[in-house]
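Keep the picture open beside you as you read.

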Amino acid sequence: MAISKLNDRIHLIDGFDLGLEQRTGSYVIMEQQLTIIETGPSPSVEHVKQGLNELGLSLEEVRYIIVTHIHLDHAGGAGLLMQDCPNATLIVHPKGARHLADPSRLIAGARAVYGGKFDELFNPIVPVPEHRVAIKTEGDRLQIGPDCTLEFWDTPGHAKHHIGILDPVSNGFFAGDTAGIRYVQLIEDGIDFYLPSTSPNQFDPAAMKASIERIKNQQFDWLYFGHFGAAQNPDAALDQVLTWLEVFVEEGKAACDNDESADQLAKRLAAPVMAQLAEQGINQTHRVMPYIEMDLQVSAQGLLDYFQKQS
């Protein structure tokens, strides 16, 4: 079981999303009202439960489960985990709540993308009873301890149904996917590397840029990523994501104008990414490559989807 203690109050449990370590995790905030941020997909729920047990916490103690957005790698396991957390309330953006109560459209969309791999990666997707769901959006607050009141931000760009969560005690921000992807596999080798996540079908570059700049202007000490882990250099991380976002958008527009496929666009995106990594001594055999290749493929799909909608 992989558990990381990030600071005095916050631990990260690795959910082994897609069978990969350090891909997607669940944050546990140790406050009077025990709070979990992100469930991961359903196959990750057993890892979350095991992690809570190793931390000496019971499922009955969990008071709040928060999902930054309803993509299945972040919230697919919400219903399954809620079944085992009888005292928990699930918190979600208002545009995502109905899809957790009735996940049929989420399931159909994911089946279209993942085909025969869907069951292995995501099943079962369990509906969450409506009376156990609470909606939070821009400016809403949630007190989880005597000295801790979380604040919710509406952070579109990656998805319209995306919230970020400000933790005043650590002066940190749970950014979900809006602020991009942190490649801990490279960071462990001394190379800070971050890319935007422009997945379909609600990617909006202007909204993403505005959300990232808002986060940057707040001067946080911690930035908690959906993928994966926490950065204590938020400015540098966000600057990287903004720089790469411009590259992604430029290449996406060119690919759309040339009527290229997502595979072709993914190769376009890979060229400057791999060139920069090569300059830093990272070659194609590094363990991070499957992560980056997968992310570029998904980001290419989102970029094409965005530009096709503009035409």
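The sections below go through pockets, cavities, salt bridges and backbone details.

## Before we start

This is a predicted model, in which local features need pLDDT of at least 70 and side-chain atom pairs count only at pLDDT 80 or more, while totals for chains, interfaces and linings use all residues. Residues are numbered from 1 along each chain as its sequence is written, and side-chain values use heavy atoms, with hydrogens and water left out.

## The pockets

Some terms come first. On a 1 Å grid over the protein atoms alone, a pocket is an open set of points with protein on both sides within 12 Å along at least five of seven lines, whereas a cavity is a set of points where a 1.4 Å probe fits but cannot get out; lining residues have an atom within 4 Å of a point. Grid points are joined across faces, edges and corners, and a volume is the space filled by probe spheres set on the points. Helices (H or I, at least four residues) and strands (E, at least two) are DSSP runs, numbered from the N terminus. Ala, Val, Leu, Ile, Met, Phe, Trp, Tyr, Cys and Pro count as nonpolar, Asp, Glu, Lys and Arg as charged, and the others, Gly among them, as polar.

The largest pocket has a volume of about 1,200 Å³. Its lining has 36 residues, and those nearest its centre are His71, Leu72, Val113, Tyr114 and Pro200. At least two lining residues come from each of α2 (72-75), α4 (97-101), α5 (104-114), α6 (118-122) and α11 (289-310). Sorted by class, this lining has 13 nonpolar, 13 polar and 10 charged residues.

The second largest pocket holds about 160 Å³ of space. It is lined by 13 residues, with Lys160, Asn201, Gln202, Phe203 and Asp204 nearest its centre. Helix α11 gives the most to this lining, with 4 residues. The classes here are 5 nonpolar, 4 polar and 4 charged.

## The closed cavities

How many cavities of 30 Å³ or more are there? The count comes to 2. The largest cavity has a volume of about 60 Å³, and of its 13 lining residues, Ala75, Gly76, Leu100, Ile125 and Val126 are the closest to its centre. Two or more lining residues come from each of α2, α3 (78-84) and α4. By class, the lining divides into 10 nonpolar, 3 polar and no charged residues.

The second largest cavity has a volume of about 40 Å³. Among the residues that line it are Tyr27, Phe174 and Tyr224. Strands β11 (172-176) and β14 (222-225) each give two or more residues to its lining, and β11 gives the most, with 3.

## Salt bridges

Side chains of opposite charge can pair when their charged atoms come close. A salt bridge here is a side-chain nitrogen of Lys or Arg within 4 Å of a carboxyl oxygen of Asp or Glu, and by this rule the count comes to 14. One of them joins Glu31 and Arg9, with the closest N and O atoms 2.7 Å apart. This pair links distant parts of the chain, 22 residues apart: Glu31 is in the loop between β3 (25-29) and β4 (34-37), and Arg9 in the loop between β1 (3-5) and β2 (10-14). Both residues are buried (under 20% relative accessible area; exposed is over 50%, and partly exposed is in between, using a 1.4 Å probe and protein chains only). Arg9, Glu31 and Asp167 are linked in a network of salt bridges.

Another salt bridge pairs Arg268 with Glu251, the closest N and O atoms being 2.8 Å apart. Arg268 lies in helix α10 (residues 262-279) and Glu251 in helix α9 (residues 234-257), so the pair ties together parts that are 17 residues apart in sequence. Arg268 is partly exposed at 24% relative accessible area, whereas Glu251 is buried at 18%.

## Backbone details

Where does Asn201 lie? Asn201 is in the loop between β13 (194-195) and α8, and the peptide bond from Pro200 to Asn201 is cis, with omega near 0 degrees. The peptide bond from His227 to Phe228 is cis as well, with omega near -15 degrees.

Phe16 is not a glycine, yet it has a positive phi of about 50 degrees. Leu18, also not a glycine, has a positive phi of about 60 degrees. Phe16 lies in the loop between β2 and β3, and Leu18 is placed in the loop between β2 and β3 too.
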